[in-house]
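Work through the exercises below with the sequence and the model open. Each task is followed by its solution.

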Amino acid sequence: MTVTSPAATVAAGPTGLNRITADDDLFFKLHSLYPNALVNQLAYRFDEPLDRELLERWHAHLATGFIARRVVTTRFPIARAHWEPATESLPLVWSDSPIPDDRVLEWFLEQAAVEFDPERGLVWQLAGAHTTSGGTVVTLVASHVACDGGGMMHAIVDSLDRLGRGEAPDRAASAGRLVGPVAGAGRWAADLADARGQLRAVGRGIRAARRAKGVSEPARNPRPAEPRLPHAETWQAAETIVQLDLAEWDAVAAAQGGTTNGLLIGVAVGLLGRSGRVADGARVRVDIPHSLREADDPRANATTGLPISVDYRAGQRADLPAIRAALKAAGLAYRDPATIPPIQHLQPVQMLLPKVVLHKFARTAKAPECLCTNMGRTAQNIAVLGPHRARDVIMRPVVNPGPVELFRQVEVGVNLAFSCDDDTVTLVVTGGDPDRFPTRAALQELLSAEFAAWGLRPRFW
């Protein structure tokens with residue numbers, strides 16, 4: 001994920017086309033290098049059987065909704081591509097064979113392996129299956145090209161609300177209306193106007209970057225070269241889903257002088273240290289996605305990242321008051337262009353880079369060593385599908401399988417995604433280092449030790 005500077009947040013050009021953002025552009029270009037390496041997934045577990053026909057009706061709403069969009073490129077130099085409503089979608093995937101209850105997480109992962117095509121609008125897929133115990137599992141996966149977590153939530157809430165009210169699929173009456181108009185006869189003039197606007201944005205970005213040349217982001221820790229464990233050529237990042245009582249989580253955070261966010265970050269940093277990925281005394285860079293989405297926002301990706309540094313001390317819990325102060329300082333810094341690092345101001349320049357140049361940079365780029373996403377009480381907002389309420393709801397970024405050497409090269413660390421309802425915290429934890437988190441069992445063992453240090457009692461799926 002890249003970050004979006006205040007100068008680069010407007011997607012629509014002067015003629016009203018829904019132009020792609022710098023993040024959209026980056027994900028779109030990288031799609032050809034690492035196809036579908038990262039997707040967003042919503043996953044449900046229901047205790048009762050759901051009819052396929054219900055999912056077909058939800059599919060129809062999604063197919064005319066906020067994520068039903070396709071990238072329309074331009075041959076006009078400098079002008080940005082734009083979004084138009086998709087006219088086709090991937091069909092519902094329905095499994096006729098029940099899924100064993102002890103393979104639910106594996107089934108979720110399997111459904112994330114989808115071949116997307118942003119230019120055709122094939123950027124999401126809905127799947128469902130019954131379980132051997134008589135329940136139902138459902139997943140919705142979407143390409144990060146077409147939506148960030150906030151965009152996906154907007155699409156889900158809108159489509160489920162319309163489904164629950166018994167309304168007919170209707171692009172004009174749903175959030176699908178925000179995707180944008182279809183370019184008409186004035187396309188050339190629109191692209192010319194956007195090209196001029198982009199040149200002005202480049203100039204503003206360069207000037208802002210010069211003014212902020214003394215500002216820097218927290219450094220990340222290099223990945224230790226050893227140990228190097230034996231793995232197959234293709235590796236699946238270790239992942240687990242764990243649930244805890246919300247009251248217990250909040251009580252522990254408060255007792256340590258912190259917040260929900262602070263405890264999430266503290267657990268993540270402790271996990272990273274216990275694995276040996278960072279040394280005692282290291283300052284860990286933690287990236288926290290922060291939504292910039294506004295009401296009736298047409299953007300696919302509208303998220304920035306707030307990076308902070310957190311001290312790791314072996315055998316000690318993270319300092320939650322210090323984390324709280326760091327988060328506050330990062331939020332304040334982002335509001336002032338003078339304290340935003342230069343690279344963030346240069347996103348309009350990034351959009352001018354041809355795909356071949358971006359691919360060259362991407363091959364040497366590094367992934368976050370610690371990414372913590374707090375989606376808050378989103379689960380209770382999307383738990384009802386038609387007449388059914390889900391027992392469990394999770395939203396998460398999925399790291400799909402890839403070459404084991406790629407995981408080592410980009411130095412993936414740990415990702416934690418937090419959501420909750422009124423009673424339960426659900427954490428999706430991904431360990432992307434094949435030599436520190438080689439298996440799910442190894443990841444769960446480290447997590448169990450970290451939870452025990454905080455006095456938390458986890459329940460693993």
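**Exercise 1. Confidence**

Over which residues does pLDDT stay under 50, and how many contacts beyond four places in sequence does the model have for them?

Solution. This is a predicted model: local features need pLDDT of at least 70, side-chain atom pairs count only at pLDDT 80 or more, and totals for chains, interfaces and linings use all residues. Residues are numbered from 1 along each chain as its sequence is written, and side-chain values use heavy atoms, with hydrogens and water left out. pLDDT is the predictor's confidence in each residue, from 0 to 100. The stretch is residues 1–10. For these residues the model has 31 contacts beyond four places in sequence (contact: heavy atoms within 4.5 Å). Where pLDDT is low, the predicted coordinates should not be read in detail. The protein averages a pLDDT of 92, and 97% of the residues score at least 70.

**Exercise 2. The five-stranded sheet**

Give the order of the sheet with five strands, then locate a residue pair between β2 and β7.

Solution. The order is β5-β6-β7-β2-β15, with mixed pairing in an open sheet. β5 (93–99) and β15 (392–399) are the edges. Twist averages 20° from one strand to the next. β2 (residues 38–46) and β7 (residues 136–143) are antiparallel, joined by eight bridges. Here A43 stands opposite T139 in β7.

**Exercise 3. A helix pair**

How do the axes of α7 and α13 cross?

Solution. Axes are lines fitted to C-alpha atoms, for helices over the stretch in contact, and angles run from 0 to 180 degrees between N-to-C directions. α7 (residues 260–274) and α13 (residues 440–454) have axes that come within 9 Å and cross at roughly 130°. That makes α7 oblique to α13 (under 35 degrees is roughly parallel, over 145 roughly antiparallel, 65 to 115 roughly perpendicular, the rest oblique). Residues making the contact include L263 and G266 of α7 and L443 and W454 of α13.

Definitions and conventions
Helix = DSSP H or I, 4+ residues; strand = E, 2+ residues; numbered from the N terminus. Pairing = 2+ DSSP bridges.
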